[in-house]
Amino acid sequence: MSSKTYEDSRGWRYRVMPGLGDDTFKGRYNKPGESGWHCMRQMPWRDRVEAAEVDLAAYAGDKGWKTIQEY
């Protein structure tokens with residue numbers, strides 16, 4: 001599974017990133033003009049990056065966000 005970065009209509013970007021500790025992954029967001037990424041409260045912590053990617057992809061689809069990058 002490839003990782004994706006999404007963008008909403010405000011220009012906020014979203015992607016899955018690791019947390020502190022081993023095997024913790026969650027969706028995070030970044031506002032335009034800011035350098036830091038913040039955890040999305042709506043997303044649960046997952047022990048596999050693939051599970052967090054599925055959560056974020058489903059949320060992005062519901063919200064109509066566009067994919068801006070795949071890596």
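**A close look at the sheet**

Modeller: Happy to! Along the sequence, the protein follows the pattern β-β-β-β-α-β, where helices (H or I, at least four residues) and strands (E, at least two) are DSSP runs, numbered from the N terminus. This is a predicted model, in which local features need pLDDT of at least 70, side-chain atom pairs count only at pLDDT 80 or more, and totals for chains, interfaces and linings use all residues. Residues are numbered from 1 along each chain as its sequence is written, and side-chain values use heavy atoms, with hydrogens and water left out.

The five strands form an open sheet in the order 4-3-2-1-5, with antiparallel pairing; two strands pair if DSSP finds at least two bridges between them. Strand 4 (38–39) and strand 5 (66–70) are at the edges with a single partner strand each, so one side of each has no neighbour in the sheet. Strand 3 (residues 25–30) pairs with strand 4 over two bridges, in the antiparallel sense. Arg 28 has Cys 39 in strand 4 as its bridge partner.

Asn 30 is buried (under 20% relative accessible area, with a 1.4 Å probe and protein chains only), at a relative accessible area of 10%. The side chain of Asn 30 reaches the backbone oxygen of Gly 36 at 2.8 Å. Beyond its neighbours within four places in sequence, Asn 30 is in contact with Gly 11, Trp 12, Arg 13, Ser 35, Gly 36 and Trp 37, contact meaning heavy atoms within 4.5 Å.

Methods:
Buried means under 20% relative accessible area, exposed over 50%, partly exposed in between (1.4 Å probe, protein chains only). A polar contact is a pair of N or O atoms within 3.5 Å; within protein, one must be able to donate a hydrogen and the other to accept it, and residues adjacent in sequence count only if both atoms are side-chain atoms.
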